[in-house]
Amino acid sequence: MNNKMNILKAIGIITVVIGHTWSNVFAWFPTYSFHMALFMFISGYFFKYTDALSFIKKKIQHLLIPLLLWNIFYGLFVQLLINYGVVKFNISLSVYSLFLEPIIGVGCPFYFNLPGWFVGTLLLVQIVYYSIYKCLNNKQMICGGVMVVAHFIALWIGYHNYQNFGANFGLAIGRVFYFLIFYHLGYLYNKYFEKYDAFSFNKIIFLAIINGIILGFVNNNITANIHLLDFPTHKQLLPLIVGCTGIWFYVLIAELLKDKVKENELLSYIGKNTFSIMMHHQFFFWLFNTFLLLLKKFHILALNTFNYDKYQTDIYFRITAHYPASDLFYILCGVFGPLICCYIYDSLKIKYLNFLRTK
């Protein structure tokens, strides 16, 4: 196992969870300026060209099937909550919402698994990248040029409203085109550049200066919502530049930590379970909100700022009155809720396998 990339995955998923609490913890390198691009970079780092059948089989097994199974689970679960009046989410159970929207639509349509949109996009990016790689016979310069052009096409689609390009299909194409360059950079980094990229405080300072100049003199909002292809600044090069500075900054942090964090330590375990945290942290946010609601209902805590209507209708509802402690509780729930479930599953799996060996 590549401990450096595993640590980088752990850092990346923690920034995702923090981003969904709307915390502004990393103001110098804002979460929404790089975090999704970082995961594409990591995925591209592990790209290996194989025969098409093996490649597709692996992607179906590790990405498509888990994505669709969890989408079906949350679809049925949310419908159950709606029937009992617990939530008032607007959902529709259909072939499209259950099997197609997680891949080519706005995203996973059942709220609790909303971050799963990235998994569907990752699947498409990998398939498109594999196809380009094969067609161009691994000609790096041409491949890079295609990725750059695709990136700026994605920006253009975003600036002109993706719904003008086949509605949700335009959104899916735009997201794939946006991420291809970061996937390619991950592949190039593994193949050519990593051996020259030792940790250096000088590089950290350089990256901080670059982002500081951008924030101070170019635009103080360098974030983007790739989920909906929303680029507030409309500056053509900015998403690519800050995506790269954020990725490189945390690659250097992972390089620093790779010999200090053992494979059996917490950060490493987080890195091994990024899919589960990505897919389920919004659900555990909601569970925490439900716990707070019960405390309020039984007069254990006053929680005067708890908005019951938003709890029922808005998956992004958060208690903010006790900042920063409230943000910390959400982050802990978002990371450790899925992680504890993974730990229980792994423990039971080991016991079951040991039981089979003794028979």
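Predicted model: local features only at pLDDT ≥ 70, side-chain atom pairs only at ≥ 80, totals over all residues.
A second pair, α4 and α7, packs at about 40°.

**Packing of α8 and α9**
- The crossing of α8 past α9 is left-handed.
- On the α8 side, the contact is made by Lys203, Ile204, Phe206, Leu207, Ile210, Asn211 and Ile214.
- On the α9 side, the contact is made by Leu238, Ile241, Val242, Thr245, Trp248, Phe249, Leu252 and Ile253.
- The residues of this contact between α8 and α9 comprise 12 nonpolar, 2 polar and 1 charged.

**Helix α9 itself**
- Of the 20 residues of α9, 14 are buried, so the helix is mostly covered.
- With 1.5 Å a residue, α9 should span 28 Å, and the 29 Å between its end C-alpha atoms agrees with this.

**Packing of α4 and α7**
- Helix α4 (residues 95-104) and helix α7 (residues 168-193) have axes 9 Å apart, at an angle of about 40°.
- That angle makes α4 oblique to α7.
- Tyr96, Ile103 and Ile104 of α4 meet Asn168, Phe169 and Ala172 of α7.
- The residues of the contact of α4 with α7 are 5 nonpolar and 1 polar, with no charged residue.

Methods: Residues numbered from 1 in each chain as written. Heavy atoms only, no water. Left-handed = near helix turned anticlockwise from the far one by under 90°. Helix = DSSP H or I, 4+ residues; strand = E, 2+ residues; numbered from the N terminus. Contact = heavy atoms within 4.5 Å. Nonpolar A, V, L, I, M, F, W, Y, C, P; charged D, E, K, R; others polar. Axes fitted to C-alpha atoms, helices over the stretch in contact; angles between N-to-C directions. Parallel < 35°, antiparallel > 145°, perpendicular 65-115°, else oblique. Expected span 1.5 Å × (residues − 1). Buried < 20%, exposed > 50% of the residue type's maximum accessible area, 1.4 Å probe, protein only.
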